[in-house]
Structure formats: structure tokens, C-alpha cells
Amino acid sequence: MDRSKFFYPFLLVLLWVVMLCIANPIGNFPLNDDWQYARPVWYLINKGYYFSPDAYSPIIISQVFWGALFCLPGGFSFNTLRVSTLVLSLAGILVFYFLLLKSSKNEKLSFLGALLLTANPLYFSLSNSFMTDVPFVAFSLFSIYFFFGFLESTKRMHLVVATLFAIAATLIRQFGVVIPIAFALVSIIKNRPKLMQWGISILPAIVTSVALVFGLLWLKHIGSELKPYYGRSLFDLIKVPGDIFDNSLSRSALLLLYSGFFLFPLLLYTTWNCLSGITKRQKIVMFIVVAIFTPLLLIRCMQLPYKNVFDTYGIGPFTLKGKDDMIHPNPDFPHTLLLLFQIVAFVGAIMLLIHLGKILLDIIRAYRSKDYSKSLFEQLFILFYIIGYAVLMFVSDNFFDRYLLIFIALSAILIMAGIPDTIKIKLPVYITTCIIIIGIGIFSAALTHDYISWNRSRWQASDYLTKDLKVSPHKMDGGYEFNGWTSGVWNQGSIDKGKSWWYVDDDEYVVAFHNFEGYTIIKQYSYQNYVPYEMKNIYILHRK
């Protein structure tokens with residue numbers, strides 16, 4: 001056995017464990033939207049049947065049963081659900097490394113790409129929750145890995161396993177159905193003279209689509225039908241083409257900017273080689289295309305970071321009353337750091353555009369010569385997946401930065417599949433780059449620690465009110481997760497009454513980051529913040 005092939009995966013696991021120790025993600029409480037996805041698990045474990053009364057878009061069936069599997073030995077808890085996601089997170093990192101290695105045959109750059117995913121603050125922070133993002137990415141990467149294996153070897157077992165993982169991904173988020181469709185398109189292009197092969201090509205897409213339809217019908221049958229897009233149907237959204245056009249431009253720019261930022265070190269290694277393989281005329285055409293996209297990228301770049309997980313105040317979201325008063329006047333990130341983030345994102349987006357241009361030129365050249373390489377088929381697969389997923393994402397009126405996580409991973413595969421064997425890597429520069437990325441990973445872990453720490457204090461404060469003072473949750477504003485988990489009854493008129501937009505009936509008691517006019521502080525809970533390193537407080541307020 002060649003022990004050297006386990007060296008880089010071992011380093012990835014080691015960094016992941018160190019980051020986990022720094023974050024200390026212990027706490028029996030929900031984070032972000034995961035209380036909605038945890039509710040069906042609670043019903044399965046405690047009532048013995050599947051039920052979900054909450055309003056959300058993803059289908060989450062496979063994630064619910066995955067989480068329930070972990071809860072079976074010791075009962076339901078958010079800690080256990082977090083462990084279930086962390087297992088998929090680590091598995092996703094490892095399969096991502098082997099997927100990049102399969103595409104590029106370059107161990108060092110494959111490790112660099114997987115290291116970037118490990119250190120990514122979006123990926124790591126969401127790994128410490130029961131959100132759908134990381135499980136979906138992990139199952140998607142497993143599916144792509146085995147579909148790539150089938151394209152290379154045509155082993156039927158690879159096709160079966162790839163389809164099973166595609167079904168698992170699709171039964172977390174419906175958009176996963178694009179994976180086998182992308183495979184079908186590439187397989188048909190590859191085997192176009194062999195009509196009998198077409199049936200095998202489209203079978204995974206058919207099976208996955210049938211699984212999705214049956215999943216949706218089953219949820220409807222048991223009274224847990226999905227309530228997506230804030231009650232708006234897909235048909236309602238399609239009737240507003242102007243909104244779809246605006247979303248397409250805006251979200252395409254965000255896709256490029258976020259992928260460019262989080263893959264920046266990898267792009268630095270590969271972009272020069274990318275440019276060296278094209279003619280002067282092609283470079284001019286590419287320059288014109290980049291120039292056309294530049295104004296859009298600049299406009300969107302100045303609005304970074306985008307909302308939800310990654311904010312100017314660190315890792316979020318910050319779901320307590322008065323969060324805007326706290327965050328925007330006093331961000332934890334210096335303006336110079338934010339400016340650096342925007343500049344790196346812009347330059348990275350330009351480099352990613354250059355790669356996309358080179359891939360399109362390679363596709364045109366291969367079409368004309370009828371000479372498709374293995375790497376080009378892999379790139380076509382990823383391109384079809386990106387395009388299909390992006391189109392579905394553009395029609396939604398609900399969009400967050402965490403939705404871009406899958407595109408970051410796919411962009412890395414797209415880049416790595418096309419790198420030449422002759423690419424030169426200077427060891428001192430490479431080691432320095434890896435050390436910087438590890439530093440970013442430690443920083444991501446510190447930010448995640450801060451996010452979990454203030455949430456832990458928030459739930460200590462909420463428990464004090466409900467358990468010690470016997471305050472009803474309906475008389476509290478304990479924040480989005482608390483009111484959602486304990487009440488979950490949407491109050492449309494709460495904003496007009498000056499209350500928080502989440503599930504608040506009466507805000508006689510408020511858990512907040514600071515005091516408000518008309519309230520008095522009755523208790524405070526301190527927590528250690530890492531970025532910046534200082535003690536901070538969560539306050540319990542009572543209306544005067």
C-alpha cells in the first residue's frame with residue numbers, strides 16, 4: 001500500500017479537527033434555519049412519524065432520516081444533529097480531494113483545492129449546524145465522483161452508486177436533480193453514435209426525477225407539503241421576467257465574485273497556464289468579454305459581503321432584536337479588511353472568467369475536430385450542472401450567500417479538470433500558500449466559535465426566562481431561532497407593531513445585544529469573543 005496517498009487526506013483531517021476544537025460547537029440549540037429541518041427529526045424520534053408544519057423550500061427527506069439515524073441511540077438533540085452534519089462535512093472534504101485528484105492527477109493542487117474548502121468560513125460554519133447546505137454539497141460531490149468514474153471506466157456499479165448519491169442530494173434540495181441530467185447530456189454527447197447507450201445515459205435522471213416526484217407526493221400525503229418561496233409558486237415567479245433578468249445578472253456576478261475570492265490561491269496557480277495555451281486573437285476576444293462583465297462585477301463587488309452567513313460583523317446570521325443597530329455602525333471587521341476582501345473577489349472573478357473563456361474555446365475546438373478529451377467531458381459535466389442549477393436559482397426570489405457554496409466547489413473542479421500535466425509548482429511558494437490558507441481556516445474557526453458562543457449565551461438567557469421565571473415563550477422575543485422553535489406561528493403584523501419580523505406575539509421580555517428605550521436590563525450573560533478578542537454580553541430586557 002502506498003502510504004503517501006494518505007498523507008494529504010491526513011493533513012485535511014488534522015486541520016478539520018483543530019478547527020473543530022477551536023470552534024467548540026457544543027450546545028443543544030438550533031442555529032439559523034435548522035430548527036425547521038430538525039422538527040421532522042424530533043417527530044420521528046419522539047412520536048414515531050414524519051411531520052413538518054413549518055414553511056421552507058428544500059425537500060430535506062434524506063437529511064431528516066440521516067439525522068434521525070444519529071439520534072436513535074441517545075434521543076433527539078441539536079448536538080447530535082450537528083454531529084450528523086459534521087460527519088458529512090469531513091466526508092465531503094475527503095471526496096472533494098479525491099475528485100480533484102481524479103480530474104487533475106496533481107496531488108499538490110488537489111490538496112490546495114480541498115484545503116480551500118476546509119478553510120472556507122461558509123462551509124465550516126454551516127458544518128456546525130443542521131442546515132441543508134453542507135449535506136447537499138457532500139452528497140453532490142460523491143455523486144459527481146462516481147459519475148466521473150463511470151465516464152472513465154463504464155463500470156455499472158459506479159453508475160448505480162452515483163445515482164443513489166444523486167437521489168440523496170435531490171431529496172435534500174430539489175435542485176440536485178440537475179446532477180443526473182448533466183450526466184445524461186455529457187454521456188449522450190460522448191456516445192452519440194451508440195443509440196443503445198442513450199438509455200443508460202438518461203436512466204439516472206429518470207430514476208432521480210421519479211424519486212423526487214414520489215418524495216413530494218409522500219410529503220403531501222402525510223400533511224407536510226412544502227411551502228416554498230414565502231407562499232409564491234414557481235409559476236408566479238416566472239410571470240415576472242424582469243425580476244428573473246435582474247436576478248440573473250446580479251447572482252451571476254455574485255457567483256463569480258464568491259468563487260473568485262474563495263478559490264483565489266488556486267486561480268493564481270492556474271490562470272497563467274490557462275492564458276499560455278491560446279492565440280493572440282483569442283486573447284483579444286477574451287479581453288473584450290471580460291471588459292463587458294467588469295462594470296457588473298464592480299457594482300456587485302462594492303456590495304460585498306452578501307447577506308446571511310458572512311457579514312461585516314463576522315459569521316452569522318445575527319438573529320436578535322436590534323442586530324442592525326449593533327452591526328452596521330460598529331463592524332468587527334476593519335474597513336481595510338473589507339476593502340481587501342472586495343479587491344481579491346474582483347480579481348479572482350476576472351481570473352475565473354478567463355478560465356471559463358478558455359473552456360469555451362476548448363469546447364469549440366473539440367466540436368470542430370470531433371476530438372473530445374476525458375477532461376473536456378468532465379468540464380462539460382460541471383458546466384451543465386452549474387448552468388442548470390444557476391437557472392433554477394435565478395427564478396427564486398429568496399437568495400443567500402450560502403447558496404453559492406456548491407458553485408465554489410464546482411468551479412474548483414472545472415478549473416482542475418483542465419490544468420496541464422506540465423504546470424510548475426515552486427515548493428517554497430506552495431508551502432507559504434498552504435500556511436496562509438491554514439491561517440484562514442483558523443480564522444474561520446474563530447468566527448464560528450464567536451457565532452456559537454453568543455448563541456449559547458442567548459439560549460442560557462432564554463432558558464432562565466422560561467425555566468426559572470416561568471415566562472411563556474409567547475411573551476418573549478428570544479430571537480429568530482428561539483421563537484421559531486418554541487412557537488413557529490408566523491405573525492404578519494409584528495413588524496407594523498414595532499416587533500421583530502420573526503414569530504413574536506408579545507415582546508414583554510427581550511433577549512438582545514443591547515438595551516432599548518422603554519426597557520430595563522434585568523440580567524446579562526457574558527461570553528468570550530475571539531474576533532476581536534474581548535468579552536461581550538447578551539442582555540435580558542423587560543418592558544417598563
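The structure is a predicted model, in which local features require pLDDT of at least 70 and side-chain atom pairs count only at pLDDT 80 or more, whereas totals for chains, interfaces and linings use all residues. Residues are numbered from 1 along each chain as its sequence is written, and side-chain values use heavy atoms, with hydrogens and water left out.

The protein contains 20 helices and 6 strands, defined as DSSP runs (H or I, at least four residues, for helices; E, at least two, for strands) and numbered from the N terminus. Its radius of gyration is 24 Å, close to the 24 Å given by the globule rule for 544 residues, so the protein is as compact as a globular protein of that length; the radius is taken over C-alpha atoms, and the rule is 2.2 Å times the number of residues to the power 0.38. The C-alpha trace spans about 80 × 55 × 55 Å along its principal axes.

Of the 544 residues, 57% are buried (under 20% relative accessible area, with exposed meaning over 50% and partly exposed in between; 1.4 Å probe, protein chains only). Among contacts (heavy atoms within 4.5 Å) between residues at least 6 apart in sequence, 76% join residues at least 24 apart.

Two cis peptide bonds are described here. One joins Leu304 and Pro305, with omega about -5 degrees; Pro305 is in the loop between helix H14 (280–301) and strand E1 (310–311). Another runs from Gly316 to Pro317, with omega near 5 degrees, and Pro317 belongs to the loop between strand E2 (314–315) and helix H15 (323–327).

Positive phi angles occur at non-glycine positions. Asn24 has a phi of about 50 degrees and lies in the loop between helix H1 (7–23) and helix H2 (34–46); Asn24 counts as partly exposed because its relative accessibility is 33%. For Ile60 phi is about 55 degrees, and this residue is found in the loop between H2 and helix H3 (61–71). Ile60 has 0% relative accessibility and therefore counts as buried.

Within helix H19 (residues 427–468) lies Ser453, which counts as buried because its relative accessibility is 6%. Apart from neighbours within four places in sequence, Ser453 contacts Tyr527 and Gln528.
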